[in-house]
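Q: Please take a close look at a single chain of this model, covering how it is built and how it meets its neighbour.

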Amino acid sequence: MAEPAPPWAALVLPLALALVATALATADARSTGPGREVLRLLVQQRRITRAADVPLVRLATTLLPVAAVLAAAVLPLGFRPVSDLPDGIVWFNAMEALAWAAVWLAGWGPNSTLSLIGGYRFLAQGLAYELPHMLAITTAALGAQSLRVGAVADAQAGLWFAVWMPAAFGIYLLSALAMAFWGPFDQPVGRDTAGGAAAELSGVDRLVFLGGRRLLLVVAAAFSVPLFLGGGHGPLLPGWAWTLIKTAAVLGLLLWVRRRVPTVRTERYMELSWVVLTPLAVAQALVVAVVVLKK
Amino acid sequence: MNLELFLITAAALFCVGLYGALTQQSIVMLMMGLELMLGGVILAAGAAWHHIAPAAADGQVLIVVAITAMAVEMAIGFAVVTALFRSREVDTTDMAAELRE
Amino acid sequence: MSTAAFWALAVLAVASGIMVFRFDSMARATFSLLTALLCVGGELIVLGLDYLGVVTVLMMTIEMAIMAVFMIMFMMNPAGLMPMTMLHNRRGAALICAGSFTSLVVGILLVPWPRRVGRAPADPTMDLGMSLMGPQMLTMMTLGMALFATIVATVVLATRRGRYDRYGDDLRAARPDDPVRGGVGR
Amino acid sequence: MDLRARLTRAALARPAVLLATSPGATRERLAVEAELGRRGWPSAAGPASADLLVFAGVPLPLRDDDWAERVWTAVPAPKARVTVTDAEHAAHTLDHGHRTLLTPAAHPAERHETATAAAPDHGPHDSQGSHGGMDHAHHGRPPGTVAGLPLAERAEDRDGLRLDRLHVPLGPALPDWPAGLVLRLELQGDVVRRAEVDPMPTPAASRPAFWSEPWLKALAGEPGTSGEAARRRCAAHLDSLGRFLGVAGWSDAATRARRARDRTLGDAHGEELRPLVHPLVRRVRKSRTLRWLTAGVGELPGGPVAGDAHSRLIGWLDGIEYALDAIGDRTPLADHPLIGPRGRVDDTEAPASRTLLAALPALLAGAEFACARLVVASLDPDLDELAARRAPDGRTHG
């Protein structure tokens with residue numbers, strides 16, 4: 001059963017997330033390790049573009065990691081989240097939506113064409129992924145008949161949701177990539193726009209923004225564990241270990257996808273998302289609703 | 001922290017929004033005023049639910065209605081601006097009023 | 001704790017609400033409005049309406065982000081780099097607003113509000129859901145129809161291309177003639 | 001050595017490099033890219049994320065716009081810049097740049113946020129998107145400037161709305177971009193309304209264009225085998241492929257293509273190259289996502305590069321495999337028709353890249369920014385060919 005974590009967990013949470021994100025960066029590193037990259041950005045000067053809206057840029061870069069950590073507040077490690085809100089799933093969704101504002105502001109703030117294009121791209125991508133994404137997480141809530149994340153994990157003591165709602169799970173993984181603008185969905189910070197929304201950020205700003213993006217990816221991947229992969233349930237090992245193992249597996253999958261697939265452009269994904277994925281997600285929700293009613 | 005305080009906050013939001021809606025020429029800014037007014041309505045409904053009749057869900061239903069109204073207002077508003085803009089390149093209320101003449 | 005939260009959120013909400021109409025930059029105005037509405041969501045949570053508060057936060061964030069794009073499309077001076085006023089009848093509006101605020105406050109303070117009846121349910125969200133799916137079903141259906149009508153009306157108003165533009169006069173084109181090719185390969 | 005110096009040294013052990021190539025400097029670019037790959041230095045996508053600015057070839061000002069200087073001011077401190085003018089000295093020049101980066105001169109006297117002198121933007125994009133279109137018909141004011149930036153004007157867009165348009169020059173210092181190409185774009189949001197190829201100030205090249213060198217030599221009557229030409233063609237297509245995949249956002253495959261290109265140019269045997277090239281070609285050819293994303297982009301009805309971006313990509317893949325088989329061929333090149341990686345090489349016609357450039361404006365109008373980048377990458381014009389054509393001594397024919 002979900003029991004509240006001690007208060008100090010709220011302080012440990014950001015550190016733990018940062019740790020996982022660093023581990024992820026190490027696994028992902030091509031040429032420079034994360035430690036050196038962080039050091040490089042700390043040494044680098046923050047630069048300001050002409051007619052830039054500096055407070056907005058600062059706000060945007062800080063908002064991204066803050067949103068990620070707030071979203072993680074409902075994540076159970078094993079069976080103990082920092083705060084098991086009664087509407088944890090909606091909370092997660094709302095905090096993840098804050099990233100929309102953050103990325104758009106980061107694109108708008110520097111008053112540069114290429115970074116603004118990055119900002120536009122993220123909003124378009126958001127509109128594309130959000131609809132099926134909401135339906136997918138609603139399906140998981142429907143299966144457990146609760147919006148509480150702990151209750152959703154508990155409902156999977158037997159069968160994982162990923163097994164009997166595969167469409168919702170697949171859609172969730174796609175949106176996890178898209179909400180962290182990562183891997184094939186990295187168009188908002190694409191190399192073709194010289195870094196997109198992050199094109200004008202340097203030094204600490206860049207570190208905070210891109211670090212926040214990594215945190216968001218970790219949180220999005222970790223959230224799939226209580227939602228679809230049975231949370232901390234598993235044989236032999238304790239709950240927290242299972243949570244970590246499953247999160248690592250999901251992150252590994254996402255990294256692998258990034259290597260195998262080129263960047264998905266929104267104009268193509270939008271139609272796929274609205275014409276194929278949304279009806280699919282609705283059908284999945286319908287099936288789950290029928291099964292739940294039959295029980 | 002009683003009902004009156006919540007209602008006064010709601011009234012302040014409502015009146016600020018009203019001021020914006022009355023003064024702004026740009027249709028987009030006008031809609032922002034309307035949003036703020038509806039924000040005040042939501043707050044007032046929530047306060048009334050909590051302090052007057054928490055057992056009944058009517059206050060909550062009113063909030064749902066207000067949130068829906070915000071979404072509808074926004075969507076229709078932007079569609080109208082787009083249509084006006086496409087046909088006449090108009091984006092302020094004064095310019096739209098001139099069209100009648 | 002909740003008193004402090006109430007005051008902080010209330011002051012922030014009203015202040016950023018005022019700033020909406022004082023900022024020159026559209027981006028700042030939009031996100032100031034977002035701050036005000038997020039504070040309203042926070043107040044709902046203070047009142048014990050977790051679900052509705054979080055939903056308000058979710059909806060308003062997405063709505064304001066989209067509004068920012070329309071802002072850039074249609075406003076003449078979105079960055080506010082060139083200070084300009086886009087106001088009319090300021091004095092009248094100020095009078096109306098001050099008048100209505102005063103009368104509202106007087107009303108709020110003078111009206112004998114009824115005493116609190118009953119207790120909040122353990123799970124207000126469940127209460128809301130049961131109500132919407134039960135006694136308030138008509139409201140729910142009306143909202144659903146309104147939203148559906150909005151979707152149709154919005155698309156009709158905003159687009160200028162219909163299916164005859166896309167598939168030709170006899171609707172027989174194999175591939176729609178769109179400015180940008182979509183992803184489903186129709 | 002104090003702590004701060006040691007920290008800086010550790011932080012900048014592998015500086016991020018922004019490489020800006022001038023037309024006619026393909027050899028230098030390839031040498032620098034190969035050296036960066038060997039050292040594992042990351043490549044920066046823009047000036048904001050770069051530490052070391054490397055110019056391949058001496059950067060010439062465009063009209064009266066000194067883009068190199070503006071890119072340089074946009075790089076945040078600590079920074080250093082070097083110019084590679086000789087491919088053989090690439091490694092040496094990079095070392096020099098790295099040393100400069102670690103000296104105190106690379107760090108400003110006062111640090112932190114006083115960087116207001118920093119340039120507005122990426123060197124090449126001078127008219128920033130200051131969306132301030134006050135030049136509304138109803139207000140009748142002439143377009144002005146705000147904060148030294150021109151205001152946007154409005155114009156009809158592809159969906160029938162009159163929206164602000166921004167004039168954005170694209171190039172020459174973008175990642176994965178043809179060297180020396182500058183496009184004057186009119187953007188509405190991220191949709192290209194109009195595009196013009198800027199007339200290029202090409203330096204009078206003393207050497208033939210790198211990618212069509214074997215054929216140009218054969219044309220001039222110098223001996224050469226078709227095996228050498230095939231090697232060059234294979235590398236040229238791998239280079240185009242690497243850039244296209246880079247723009248398409250498939251960095252893993254793009255890195256492999258670059259590595260294969262460097263090995264091909266490094267005189268590896270055909271047998272050594274096969275295990276490097278074949279899996280890559282197979283994977284790119286089979287990728288359904290890539291086909292889904294690039295089909296229908298930049299469709300040309302006819303001409304030497306007819307088809308869409310994806311069919312041009314498949315053309316490169318075929319060319320790579322075909323050329324790989326012919327690397328051992330020892331017959332003289334002059335016996336074969338002189339067709340270089342981008343088309344026919346001869347005296348009479350304009351070089352093939354001129355045709356590619358001419359096709360650009362029509363393809364770009366109405367495309368979204370990402371598609372526009374893909375179109376340019378799928379045509380991959382080689383401006384060296386144009387530069388060499390203007391060679392003063394006339395011997396290179398170009």
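Predicted model: local features only at pLDDT ≥ 70, side-chain atom pairs only at ≥ 80, totals over all residues.

A: With a radius of gyration of 23 Å, well over the 16 Å that the globule rule gives for 186 residues, chain C is more spread out than a compact globule. Along the principal axes, the C-alpha atoms of chain C fill a box of roughly 70 × 50 × 30 Å. Of the 186 residues of chain C, 35% count as buried, and among the contacts within the chain between residues at least 6 apart in sequence, 48% join residues at least 24 apart.

Turning to the neighbouring chain, 68 residues of chain C are in contact with 57 residues of chain B. On the chain C side of this contact, the elements that contribute two or more residues are α1 (2–20), α2 (26–46), α3 (50–74), α4 (90–110), α5 (124–133) and α6 (137–158). The largest share of that side, 11 residues, comes from α4(C). By residue class, the side of chain C that touches chain B divides into 47 nonpolar, 14 polar and seven charged residues.

Definitions and conventions
Residues numbered from 1 in each chain as written. Chains lettered and ligands numbered in written order. Contact = placed C-beta atoms within 7 Å. Helix = DSSP H or I, 4+ residues; strand = E, 2+ residues; numbered from the N terminus. Nonpolar A, V, L, I, M, F, W, Y, C, P; charged D, E, K, R; others polar. Rg over C-alpha atoms; globule rule 2.2 N^0.38 Å. Buried ≥ 20, exposed ≤ 12 C-beta atoms within 10 Å, placed from the backbone.
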